[in-house]
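Could you walk me through this model in my viewer, one selection at a time? I would like to know what to pick next and what is there.

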Amino acid sequence: MIRRASLVLVGALMGATAMGVVYSAVVPAVAANTSTYRELAIFGDVFERVRAQYVTPPQDDKLIENAINGMLSSLDPHSSYMNSADAEDMRTQTRGEFGGLGIEVTMEDDLVKVTSPIDDTPAARAGVLAGDFISKIDGADVRGLKLEDAVEKMRGAVGTPIKLTILRKGADKPIELTIVRDVIAVRAVKFRTEGDVGYLRVISFTEKTYDDLKKGIEKIKAEVPADKLKGYVLDLRLNPGGLLDQAINVSDAFLERGEVVSTRGRNPDETRRFNATPGDLTDGKPVIVLVNGGSASASEIVAGALQDLKRATVLGTRSFGKGSVQTIIPLGEAGALRLTTALYYTPSGKSIQGTGIAPDIKVEQPLPPELLGKVEAQGESDLRGHIQGQSETDEGSGSVAYVPPETKDDLQLNYALDLLRGKKTDPSFPANPEQAELKKK
């Protein structure tokens, strides 16, 4: 079932847009012509003039980094240069673990608020509670810091101590805690039972995603007898993507056969195809996949594969529409070049670049009053300089990316549950793999 393909990223682990990545150590160079070298000479002249004559002395490394990013940003929104810090951050995210404390946090009243300590982590063992406010980190006030800066301060090398000053409701004075950082594994998949339905939410596609998904399915099976289990909801909403091999493995978890995805580059001989292997972890139970405008890249690979192969019914609103693949090329001083090198295609041979995955059943999720006018639909087609998709139309891609925090308010999830329980019907549900009609490629 699980494959160990080359490490490939097809999603944005940071930010609202999606990026796809393939790790590669060697990329053949193509010789430039004479006019190109003349232009490079002009660039060198401009660089020296700026260094020598600009009103304030610029930093050479920043000038070069910004020049490189200027060149790459002119190609498409997903090609970029990563300095050593950015490259290491990306590696940390794809591993799905880091050195830290084990708390989920947000920002409230200029303080870091703990929304939840993660079980069996240093923070939980030290007594940190949901609702605590962190006012100081190693004696330094958090007021004035951005949330990401505060989080960065709390992360660090495994085995190193950190001192937190905590304000807790009901405590008559601040609480001082010294916590030793440890390896924190970020859950890639959250799961639960909704009565007689298994619910699997894939948060991102890291190295841990398939294993987490498999564990989730096993626990759901153990909790609900096979004759009572109506099926599964695979929630890919707000999932920006991640590793390609994990997207393939997650698709394969529900499939017995068929092509999952193909990637096609500049030259025909660069085409790669990835196929499912026998072994449906869900034993053929009905599956409904939830998507919205926050479902991008790796999420779209999974949704597209299960939709085209008629293994699942896709419900929700149109996905982000990010269908390009980027190669990560290591550079000096541990930096890296992220360069768009291919597009990926669903089993039917369709590129979703700039179009997204259209759901089989469209169910809009209304925004709460406080978000009206503040949240807009966005997709790949809205990004300046995006690669034009072969099937892209004026309709574009994407939709509003919003999921209510409470299940009772989640119209898309409840619609899926009603379908699985037979309270609602639709011609596209349940999906039948025997009816898959794929184009010859």
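This is a predicted model: local features need pLDDT of at least 70, side-chain atom pairs count only at pLDDT 80 or more; totals for chains, interfaces and linings use all residues.

**Stop 1: two helices.** Select residues 209-223, which form helix α6, together with residues 244-252, which form helix α7. Their axes come within 9 Å and cross at roughly 20 degrees, so α6 and α7 are roughly parallel to each other. Turn the view to check the handedness: the crossing of α6 and α7 is right-handed.

Now show side chains. On the α6 side, pick T209, Y210 and L213; across from them in α7 are Q246, N249 and V250, which they meet. Colour the residues of this contact by type and you get three nonpolar, three polar and no charged.

**Stop 2: the sheet.** Next, show the strands as a cartoon. Six of them make an open sheet with mixed pairing, in the order β12-β13-β14-β17-β18-β21. At the edges stand β12 (189-194) and β21 (361-362); each has a single partner strand, so one side of each is left without a neighbour in the sheet.

Zoom in on β13 (residues 197-202) and β14 (residues 231-235). These strands run parallel and are joined by five bridges.

Key:
Residues are numbered from 1 along each chain as its sequence is written. Side-chain values use heavy atoms; hydrogens and water are left out. Axes are lines fitted to C-alpha atoms, for helices over the stretch in contact, and angles run from 0 to 180 degrees between N-to-C directions. Helices (H or I, at least four residues) and strands (E, at least two) are DSSP runs, numbered from the N terminus. Angles under 35 degrees count as roughly parallel, over 145 as roughly antiparallel, 65 to 115 as roughly perpendicular and the rest as oblique. A crossing is left-handed if the near helix is turned anticlockwise from the far one by less than a right angle, and right-handed if clockwise. Contact means heavy atoms within 4.5 Å. Ala, Val, Leu, Ile, Met, Phe, Trp, Tyr, Cys and Pro count as nonpolar, Asp, Glu, Lys and Arg as charged, and the others, Gly among them, as polar. Two strands pair if DSSP finds at least two bridges between them.
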